[in-house]
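Please keep the sequence and the model in view while reading.

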Amino acid sequence: TSTGDQTARSGLVAGAFLVVVAVCTNTLCGQSTAADRSVDSIQQSIQAGNLTEAFRQVSGALALRPNDARLLNLSGVIHAQRKEFKEAREDFERAVAFAPGLTAAWQNLARSCQLGMGGDSAASQCAAHAWGRVLAAQADDPEARFSLAAIYEREGKYDASLSEIKKLPADEAGRAPALALECADWASLGRLRQVTAARIRPDDD
């Protein structure tokens, strides 16, 4: 297991799906007030930790609106918090298919694919593509930038990984996970001087 894989996966397991960000996008805002209230209610149930009630609500809402990307994203979040990662990934994939502009669903798809990488090259490609879509919408997203760097390091694309690390904000680039990843990249390239330079850089933490 690579350094980037270990650091990225440990961060994901710690609670990547705890924050529900099923926001209204331009393509979705025209839905009815009742639909918006339904989404809000489901989010509140998830945030309160009542996954049984949240799943009951989202299942009922999806029976009426099976193509609602916000509902699919929330369903995926519920599955992910239950550690049902296969079902979560399927929901996130459907969400981005119906609403390619829903960045929250791309973020959650990227996280679910990254958790399932292991020896699965398709999951790695899925995560890289999804994080790329997040960065296309939010170029300053540090999680997306670091995660993409970690995926590249895992795939042996060390120059590409370093390129992503260089785009991190200074405070993020100075944190231990990013420094460890940078050292791993330079070491894999046989650039020991750069490894030393990265190690002595002050850590903002």
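## The disulfide

What is the handedness of the disulfide of Cys 113 and Cys 126, and what is the torsion about its S-S bond? The torsion is about 50°, so this disulfide is right-handed. Cys 113 lies in helix 6 and Cys 126 in helix 7 (residues 121-137), so the pair ties together parts that are 13 residues apart in sequence. The sulfur atoms of Cys 113 and Cys 126 are 1.9 Å apart; a disulfide is defined as a pair of cysteine sulfur atoms within 2.5 Å. By this rule, the count comes to one disulfide.

The model is predicted: local features need pLDDT of at least 70 and side-chain atom pairs count only at pLDDT 80 or more, whereas totals for chains, interfaces and linings use all residues. Residues are numbered from 1 along each chain as its sequence is written, and side-chain values use heavy atoms, with hydrogens and water left out. Helices (H or I, at least four residues) are DSSP runs, numbered from the N terminus.

## Helix 4 and its surroundings

Helix 4 comprises residues 69-81, which makes 13 residues. The distance from its first C-alpha to its last is 18 Å, close to the expected 18 Å; the expected span of a helix is 1.5 Å times one less than its number of residues. At the start of helix 4, a side-chain oxygen of Asp 68 comes to within 2.9 Å of the backbone nitrogen of Arg 70.

Helix 4 is mostly covered, with twelve of its 13 residues buried. Among them are Arg 70, Leu 71, Asn 73, Val 77 and His 79. The buried residues of helix 4 pack against helix 2 (33-47), helix 3 (51-64), helix 5 (85-98) and helix 6 (103-115), where contact means heavy atoms within 4.5 Å.

Helix 4 is followed by Lys 83, which is found in the loop between helix 4 and helix 5. The phi of Lys 83 is near 65°, a positive value in a residue other than glycine. Lys 83 has 62% relative accessibility and so counts as exposed.

Helix 2 has 15 residues and reaches 21 Å between its first and last C-alpha atoms, close to the expected 21 Å. Which residues of helix 2 are buried? They are Ala 35, Ser 38, Val 39, Ile 42, Gln 43, Ser 45 and Ile 46. These residues cover an arc of only 160° around the axis, which puts them on the same side of helix 2. The arc is that of the directions from the helix axis to the C-beta atoms.

The buried residues of helix 2 pack against helix 3 and helix 4. The face turned away from the buried side carries the exposed residues Thr 33, Arg 37, Gln 44 and Gln 47. Just after helix 2, Gly 49 takes a positive phi of about 85°.

Helix 7 has 17 residues, which should span 24 Å, and its end C-alpha atoms are 25 Å apart, which agrees. Its buried residues include Cys 126, Ala 130, Trp 131, Val 134 and Leu 135. The buried residues of helix 7 pack against helix 5, helix 6, helix 8 and helix 9 (158-166).

A nonpolar core is a set of buried Ala, Val, Leu, Ile, Met, Phe, Trp, Tyr and Cys residues joined through side-chain atoms within 4.5 Å. The largest has 39 residues, and those with the most contacts inside it are Ile 42, Ile 46, Val 58, Leu 71, Leu 109 and Trp 131. Elements that give two or more residues to this core include helix 2, helix 4 and helix 8 (142-154). Helix 7 provides the largest share, eight residues. A second, separate core has eight residues, including Phe 146, Ala 149, Ile 165 and Leu 168.

## A buried arginine

Arg 111 lies in helix 6. Is Arg 111 buried or exposed? At 9% relative accessibility, Arg 111 counts as buried. The side chain of Arg 111 makes a polar contact with the side chain of Glu 143 at 2.8 Å. A polar contact is a pair of N or O atoms within 3.5 Å; within protein, one must be able to donate a hydrogen and the other to accept it, and residues adjacent in sequence count only if both atoms are side-chain atoms.

Note on methods. Buried means under 20% relative accessible area, exposed over 50%, partly exposed in between (1.4 Å probe, protein chains only).
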